[in-house]
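This report goes through one protein model for a reader who works with coordinates. The sequence and structure come first, and the notes follow.

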Amino acid sequence: LVKLIMKSIYKQNKREIKHIGSKCFGVQFLLKSIYVNNGLLYFHTELKNTSNIAFDIDYVMFKIVDKKVVKRTAMQEQVVEPLRAQNYVTVVHGKSTEHTVFALEKFTIPDDKQLIIEIAEKEGGRHQSFVVDNEDIVRANVIDEIVCQWVQRQTRLALPSAATIGV
C-alpha cells in the first residue's frame, strides 16, 4: 500500500505548498506537498536544474534542529531517516527537473525546533536546504481519497469494456 500511495503522489505531481523551497546557483529545490496516511508522512520534493552542469546528488537529509541557538550552547540535531523513496535519482542533468516522494515515520516538531530538508552535491558547492515548520506538517493532506481515485482509474483502465470483449 505504501508503494501504491507513493506512486500515486508521484504521478499526480501536484504542487500544493508554494512557500517552501530554495533557489541558488541555477538549482531549485522545492517542497511540493506533504501527505499523511497510516502513521507515515510523505514529502513530495522537486529538484530543478536550470544550469548546463549536471547536479550529482550526494545525499538528501531530513533533520530536526533548534530554531535559535544562544551563544555558547550546543546545537541539538536529530536526523530523521526516510523509510522509502519513489524515483530517487542520483543525477539531475542540466536543464531538467526530477521529483521524488519520501516516506518517513510520522512526527511533529516542538515550537522551538524546525525540520530542515537538505540536499548536497557530490564534490560541489551547490547545496540546497529549506525549513519546514510544524505548522506545515500538521496541515498535511490526508491521503485516503487520493489513493481511492487513483486505484479506481487504474482498475477502469485494466478492465476490458463490453465493446472490446464482443458482448
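## Asn 134 and its contacts

Apart from neighbours within four places in sequence, Asn 134 is in contact with Thr 108 and Ile 109, where contact means heavy atoms within 4.5 Å. A polar atom of the Asn 134 side chain lies 2.9 Å from the backbone nitrogen of Ile 109. Asn 134 itself is found in helix α2 (residues 134-138). Helices (H or I, at least four residues) and strands (E, at least two) are DSSP runs, numbered from the N terminus.

## Basis and confidence

This is a predicted model, in which local features need pLDDT of at least 70 and side-chain atom pairs count only at pLDDT 80 or more, while totals for chains, interfaces and linings use all residues. Residues are numbered from 1 along each chain as its sequence is written, and side-chain values use heavy atoms, with hydrogens and water left out.

The pLDDT, the predictor's confidence in each residue from 0 to 100, has a mean of 85 over the protein, and 83% of the residues reach 70 or more. Over residues 161-167 pLDDT stays under 50, and the model has two contacts beyond four places in sequence for this stretch. Where pLDDT is low, the predicted coordinates should not be read in detail.

## Overall make-up

The protein has four helices and eleven strands. Of its 167 residues, 41% count as buried, meaning under 20% relative accessible area, with exposed over 50% and partly exposed in between (1.4 Å probe, protein chains only). Among contacts between residues at least 6 apart in sequence, 65% join residues at least 24 apart.

## Strand β4 and its partners

Strand β4 (residues 55-66) is joined to strand β7 (residues 91-92) by two bridges, and the two run antiparallel. Strands pair if DSSP finds at least two bridges between them. Asp 56 has Val 91 as its bridge partner in β7.

With strand β9 (residues 113-121), β4 pairs in the antiparallel sense over nine bridges; there, Lys 63 is partnered by Ile 116. Strand β5 (residues 77-80) also pairs antiparallel with β4, over four bridges, and Gln 78 in β5 is the bridge partner of Ile 64.

## Helix α1

In helix α1 (residues 2-12) the buried residues are Ile 5, Met 6, Ser 8, Ile 9 and Gln 12. Seen down the axis of α1, these fall within an arc of 160°, so they line one face of the helix; the arc is that of the directions from the helix axis to the C-beta atoms. Lys 3 and Lys 11 are exposed on the other side of α1. Just after α1, Asn 13 takes a positive phi of about 50°.

Methods
A polar contact is a pair of N or O atoms within 3.5 Å; within protein, one must be able to donate a hydrogen and the other to accept it, and residues adjacent in sequence count only if both atoms are side-chain atoms.
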